[in-house]
Amino acid sequence: VDLSTSIAGVTLPNLLLNASGVNCRYENELQQLLDSSAGSLVTKSATLSSRDGNPEPRYAPLAGQIGSINSMGLPNQGYEYYLEYAKKFDYNNAAGKPLFISLAGMSLPDNKAMCEAFRDANLPCVLEINFSCPNLPGKPQLGYDMEAMEAALQVLAPIIGKPFGIKLPPYFDIAHFDQAAAIFNKFDNIAYVTCINSVGNGLAIDWESETALIKPKDGFGGLGGLMVLQTSLANVNAFYRRLNNGKQVIGCGGVTSGKEAFLHILAGASAVQIGTQLQEEGTGVFERVSKELEEIMVAKGYTNVEEFRGKVKTL
Ligand SMILES: CC(C)(C)CCc1c(C(=O)O)[nH]c(=O)[nH]c1=O
């Protein structure tokens, strides 16, 4: 059974990889991903300067393994750390695993500076721009401000020059799918979109202590895990149906087993990212989910993912 896939000009021997933010801030964590069955890895979204992030507790799993909540606050080593990592990364590694670098500038000038630095370094890594990054005060995150998103792309896409991806927040309105896809279709070097980032500003409360689970933002934080699966499948399929010129979708959200990975591919995903389940289970999740996906494919008579990618049936 062939689980390989190609995206943005690179080939992943296995279409599973981590979701940016999980197990990918430090070099040792990135090495754990390289040593796992994951077919690639993406770094924690980087900002211009290093950040400690929010006070803890800032991540919590939800009771009943239904998902997670987080308000990490972009803790990262600063973009130069990941630029150095990308400079010394072995792109000819025996496992054939490519490298994705996530950037989340706190402003357009910050994103511009980081993209210019990566462009000047001329490396084989693929940039994934995190559009959940903050916008001007009082304005929604960039991914929810269509004008600001287009303006940012008009600056960043030409600088990046080569194929790159965008990490998107979930959309919940068909008009937003239409508007966002229309913007992305204007930029030839947007090779893929990753759907979805966490479902924003949920509130998890422990009923016994009557207390929010996480400390930052009065307990408000992004939701992930199985509870966001149907929203992530919708976003994957909405953009799969709307993007043109070979633009692809990476699925992220709710993957706890081979079954959800299979559903993401049915919805149109070319690769599948795992976040909450990686956080809870560790890097062994990639071997387990790969085996489960292969078993499903064998049972259904599929030998490669192209045979069913995007082929979700409607009634
Ligand atoms: C939410 C932001 C802090 C603006 C971006 C970083 C980020 C975080 C985070 O670092 O809190 N958590 C997520 O689930 N998704 C993200 O994109």
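## Terms and model

Two strands are said to pair if DSSP finds at least two bridges between them, the strands (E, at least two residues) and helices (H or I, at least four) being DSSP runs numbered from the N terminus. The model is predicted, so local features need pLDDT of at least 70 and side-chain atom pairs count only at pLDDT 80 or more, while totals for chains, interfaces and linings use all residues. Residues are numbered from 1 along each chain as its sequence is written, and side-chain values use heavy atoms, with hydrogens and water left out.

## The open sheet

Eight strands form an open sheet with parallel pairing, in the order β3-β16-β15-β10-β9-β8-β7-β4. Its edge strands, β3 (16-18) and β4 (41-42), each pair on one side only. Strand β4 runs parallel to β7 (residues 99-103), to which two bridges join it, and Val42 has Phe100 of β7 as its bridge partner.

Strand β15 (residues 248-252) is largely enclosed by the rest of the structure, because five of its five residues are buried, that is, under 20% relative accessible area with a 1.4 Å probe and protein chains only. Gln248, Ile250 and Cys252 point one way from β15, whereas Val249 and Gly251 point the other way.

On one pairing, β10 (residues 190-195) and β15 are parallel over four bridges, and Cys195 is partnered with Gly251. Four bridges also join β15 to the parallel strand β16 (residues 269-274), where Cys252 has Gln273 as its bridge partner.

Definitions and conventions: Buried < 20%, exposed > 50% of the residue type's maximum accessible area, 1.4 Å probe, protein only.
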